[in-house]
Amino acid sequence: MSEAGDVAEAAAVTAFWRDLGLPGLIDIHAHFMPPNVLAKVWAFFEDGRGPAGLPWPIHYRRPEPERVALLRAFGVRRFGALLYPHKPGMATWLNSWAAGFAARTPDALHTATFFAEPGAGDYVAEAIGAGARLVKAHLQVGGYDPRDDLLDPVWGLLAEARVPVVVHCGSGPTPGRYTGPGPMAEVLARHPRLTAIIAHLGAPEYAEFLDLAGRYAGVHLDTTMAFTDFLNHLAPFPAALLPQLAAAADRILLGSDFPNIPYP
Ligand SMILES: [Zn+2]
């Protein structure tokens, strides 16, 4: 927090939540990952392999201690330190890293993740037993079907334990095989008590995911990237849906995608 730019940004963010009469912020959707994994994620975006080849310079490409210090300076009191696997055999290692990160970072929510693979139910149960309070599922990066039989015990366990799961299941910024409202709607039909936090307000299927929130009390949406110039360019939020969004206000959570965003 030595740079003048950091101090000015922290002052602007703090003024924003103070003006709303809030005591600070909870960012449900931030990312902290093992350094080699994060380096690969950053390279993916910066090499133009992100959505539509759009320029995606990582705005907060900083060492981990500086990233944590920045969140604190912004007035973020708790943050979901999310991570996710892109292939099988990786989730347990990520989960043990996440446990260690949460242990040394008291304001980070202890998170866990999973892949559609044998044993997923067991290691998610283990992570919850070890204190995980938030789970991340990334259908686009993972490329798995959320309706996979291997995941039935995972959704069931999360619903019963009332542990929320942030799910990237919208088709933005680029569609995946199992993204879109259909597959996740089937999971919810089977596990109606699941607390699911739909990332990015479900972009670009805003209307369909807002409808899901209307049907299931446990469905929430996070604001990650929504209403920024960047996402408005790819998938603008339809003005006609604003009343529906406002009506669901108690289930809309702040998310930022910090630090992997191409803007402050
Ligand atoms: Zn994210």
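I take contact to mean heavy atoms within 4.5 Å. With that in hand, I looked up phenylalanine 32: leaving aside its neighbours within four places in sequence, I find it in contact with Glu64, Arg67, Val68, Leu71, Phe79, Ala81, Leu82, Leu83, Trp97, Phe101 and Phe258.

**Ground rules.** This is a predicted model, where local features need pLDDT of at least 70 and side-chain atom pairs count only at pLDDT 80 or more, while totals for chains, interfaces and linings use all residues. Residues are numbered from 1 along each chain as its sequence is written, and side-chain values use heavy atoms, with hydrogens and water left out.

**Overall form.** I looked up the elements and found eleven helices and nine strands; these are DSSP runs numbered from the N terminus, helices being H or I of at least four residues and strands E of at least two. The radius of gyration is 18 Å, close to the 18 Å that the globule rule gives for 264 residues, so the protein is as compact as a globular protein of that length. That radius is taken over C-alpha atoms, and the rule is 2.2 Å times the number of residues to the power 0.38. Along the principal axes, the C-alpha atoms fill a box of roughly 50 × 45 × 40 Å. Of the contacts with a separation of 6 or more, 76% join residues 24 or more positions apart.

**Burial and cores.** Buried residues make up 56% of the 264 (buried is under 20% relative accessible area, exposed over 50%, partly exposed in between, with a 1.4 Å probe and protein chains only). Next I checked the nonpolar cores, which are sets of buried Ala, Val, Leu, Ile, Met, Phe, Trp, Tyr and Cys residues joined through side-chain atoms within 4.5 Å. The largest has 82 residues, and Phe32, Phe114, Trp155, Leu158, Val165 and Leu194 touch the most other members. Apart from it lies another core of seven residues, among them Ile28, Leu82, Leu134 and Ala199.

**Zinc.** Which residues coordinate the zinc ion? I find His29 (NE2), His31 (NE2) and Asp257 (OD), at 2.1 to 2.2 Å. Donors here are N, O and S atoms within 2.8 Å of the metal (3.2 Å for Na, K and Ca), and water is not among the atoms, so sites may look incomplete. The donor residues are spaced H-x1-H-x225-D in sequence. Histidine 29 sits in strand S1 (residues 25–31) and aspartate 257 in the segment after strand S9 (252–253), 228 residues apart. Both of these are buried.

**Rings.** I counted 14 aromatic pairs. Rings of Phe, Tyr and Trp (its six-membered ring) pair if their centres lie within 6.5 Å; planes under 30 degrees apart count as stacked, over 60 as edge-to-face and the rest as tilted. Phenylalanine 32 and phenylalanine 79 have ring centres 5.3 Å apart and planes at 40°, so the pair is tilted. Tryptophan 56 and phenylalanine 230 have centres 4.9 Å apart and planes at 75°, so this pair is edge-to-face. Tryptophan 56 lies in the loop between H2 and helix H3 (64–74) and phenylalanine 230 in helix H10 (residues 229–234), so the pair ties together parts that are 174 residues apart in sequence. Ring pairs also link Phe44, Phe45, Trp56, Phe230 and Tyr263 into a cluster.

**Helix H5.** The buried residues of H5 (residues 120–129) are Ala120, Gly121, Tyr123, Val124 and Ala127. They pack against helix H4 (91–104), strand S4 (111–113) and helix H7 (152–161).
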